[in-house]
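Subject: Structure handover

Hello,

Here is the structure I said I would pass on. My notes on it follow below.

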Amino acid sequence: MNYLEASRRKAAELAKQEKVRILSLETSCDETAAAVIENGRVILGNVVFSQIDLHELYGGVVPEIASRAHMEACDRVIDQALREAGMKLEEIDALAVTRGPGLVGALLTGVNCMKGLAFAAGKPLVGVNHIEGHVSANYLSHPDLEPPFLCLVVSGGHSHLVEVEDYGVYRLIGQTADDAAGEAFDKAARVLGLPYPGGPRMDKLAEEGDPEAFTLPKPKTAGKYDYSFSGLKTAFINTVHGLEQRNEPLPKADLAASFRRAVCTELTEKADLLLKERKAGAFALAGGVSANRELRRMAEEMCRKRGVKLYMPEIPLCTDNGAMIGSAAYYRLMRGEVAGLELNAEPALRLV
Ligand code: KG4
Ligand code: ZN
């Protein structure tokens with residue numbers, strides 16, 4: 001029996017088992033992260049090794065440096081996650097790894113690592129979509145959350161409005177025509193001279209500023225649920241350059257607050273329109289930008305007004321982590337969706 005056939009049989013057995021523990025690995029960008037997750041909902045171990053220090057010097061993620069750092073860190077991070085869970089590899093039921101989207105070299109290190117481990121240990125392997133992982137972070141933070149629900153996925157690479165119809169079943173409602181929200185935050189932060197990654201730093205600085213100090217244009221989009229952040233970003237850059245040319249001091253906190261307000265207003269206005277039209281009972285945030293304080297406040301206000309239950313991952317689960325990959329993998333494993341040894345990195349993988 002070949003590896004894939006054996007994995008399918010094991011997955012069918014695991015679907016009848018009371019407790020299923022998955023060891024997961026995430027290496028799609030600049031975090032080497034591993035976790036041990038029980039039944040898709042309970043975190044037994046969760047270790048995130050951030051490479052920020054390595055990339056800060058360059059003002060962004062350098063793909064080759066990221067791949068090499070993952071190569072060095074994978075083993076250690078996996079060991080730590082198992083130790084945190086108090087488990088040995090033999091006690092793990094299945095393995096999971098992010099297969100895309102992301103940086104190809106970074107993804108390949110993780111996929112290869114987990115393929116080797118799964119084959120050697122004779123355990124099923126699940127290839128996971130990183131964006132599905134972000135959505136699934138909510139299952140870890142909220143034991144009561146079950147599909148269907150509407151979800152705003154906002155990260156460094158994505159700004160999607162999706163309907164989660166069932167576990168692993170998504171319908172795309174809107175997406176960005178250009179920059180993702182996180183990307184826009186990072187680029188705006190760079191103009192203010194803030195170090196990489198700019199998003200969280202903009203957020204912090206914005207807390208001390210006046211969000212009405214600068215007026216930025218409202219983005220125009222073709223679809224009513226679509227986003228666009230590149231015009232907003234350009235207008236922001238022009239505002240900063242204008243101040244610099246006039247030798248005026250940069251009111252950085254006011255600039256950050258005004259930009260944050262413009263991005264979060266755009267994100268929540270489209271989501272609000274959707275909640276109004278769909279009459280959904282539940283709405284979730286996902287992805288790195290869901291850690292944004294203003295976005296969380298605005299989402300709370302929006303859901304309170306609409307009488308919709310709001311779900312947001314706990315802050316450490318908003319940005320990249322291995323736990324969310326282990327959660328997403330569980331529901332795929334239960335449906336028998338296991339990978340063969342030909343599993344490859346898919347840098348441009350889509351959610352739908
Ligand atoms: O989900 P994530 O960790 O990686 C991707 O899948 O892209 O998201 C990272 C993005 C970065 O652009 C980062 O600046 C942004 O999320 N981010 C934030 C905040 N925390 C992370 N943006 C705004 N406010 C934050 N608090
Ligand atoms: Zn991510």
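How much space lies in the second largest pocket? The answer is about 210 Å³. Please keep in mind throughout that this is a predicted model.

The second largest pocket

Its lining is made up of 14 residues. Those nearest the centre of this pocket are R99, G127, N129, R332 and E337. Strand β5 gives the largest share of the lining, namely three residues. Sorted by class, the lining has seven nonpolar, five charged and two polar residues.

The largest pocket

The volume of the largest pocket is about 1300 Å³. It is lined by 45 residues, and D30, G156, D186, Y196 and P197 are the closest to its centre. Several elements supply at least two lining residues each: strand β3 and the helices α5 (130–141), α6 (181–191), α7 (198–206) and α11 (315–318). Helix α6 contributes the most, with seven residues. In this lining, 19 residues are nonpolar, 17 are polar and nine are charged.

The space in the largest cavity comes to about 40 Å³. Around it stand E132, S136, Y139, Y167, G168, Y170, A328, Y331, R332 and R335. Helices α5 and α12 (323–334) are the elements that give two or more residues to this lining. By class, the cavity lining splits into five nonpolar, three charged and two polar residues. Two names from this list come up elsewhere in these notes. R332 is also among the residues that lie nearest the centre of the second largest pocket, and G168 returns with the hairpin below.

The five-stranded sheet

Five strands make an open sheet, and their order across it is β3-β2-β1-β4-β5. The pairing in this sheet is mixed. At the edges are β3 (42–50) and β5 (125–129), each of which pairs on one side only. From one strand to the next, the twist averages 20°. As a reminder, strands of a sheet pair through backbone hydrogen bonds, either parallel or antiparallel. Strand β1 (residues 21–26) and strand β4 (residues 94–100) are paired in the parallel sense, over four bridges. Within this pair, L25 of the one strand is opposite V97 in β4.

Two helices pack on the sheet. Helix α3 (residues 63–85) touches β1, β2 (31–38) and β3, and its direction makes about 25° with that of β2. Helix α4 (residues 104–121) touches β1, β4 and β5, and the angle between its direction and that of β4 is about 160°.

The hairpin

Strands β7 (residues 159–166) and β8 (residues 169–175) pair in the antiparallel sense over six bridges. One of the bridges joins V162 to L172 in β8. Two residues lie between the strands of this hairpin, and G168 has a positive phi near 75° there. G168 is also one of the residues that line the largest cavity.

Regards

Key:
Residues numbered from 1 in each chain as written. Chains lettered and ligands numbered in written order. Predicted model: local features only at pLDDT ≥ 70, side-chain atom pairs only at ≥ 80, totals over all residues. Heavy atoms only, no water. Pairing = 2+ DSSP bridges. Axes fitted to C-alpha atoms, helices over the stretch in contact; angles between N-to-C directions. Contact = heavy atoms within 4.5 Å. 1 Å grid on protein atoms, 1.4 Å probe; cavity = no way out; pocket = protein on both sides within 12 Å on 5 of 7 lines; lining within 4 Å. Points joined across faces, edges and corners; volume = space filled by probe spheres on them. Nonpolar A, V, L, I, M, F, W, Y, C, P; charged D, E, K, R; others polar.
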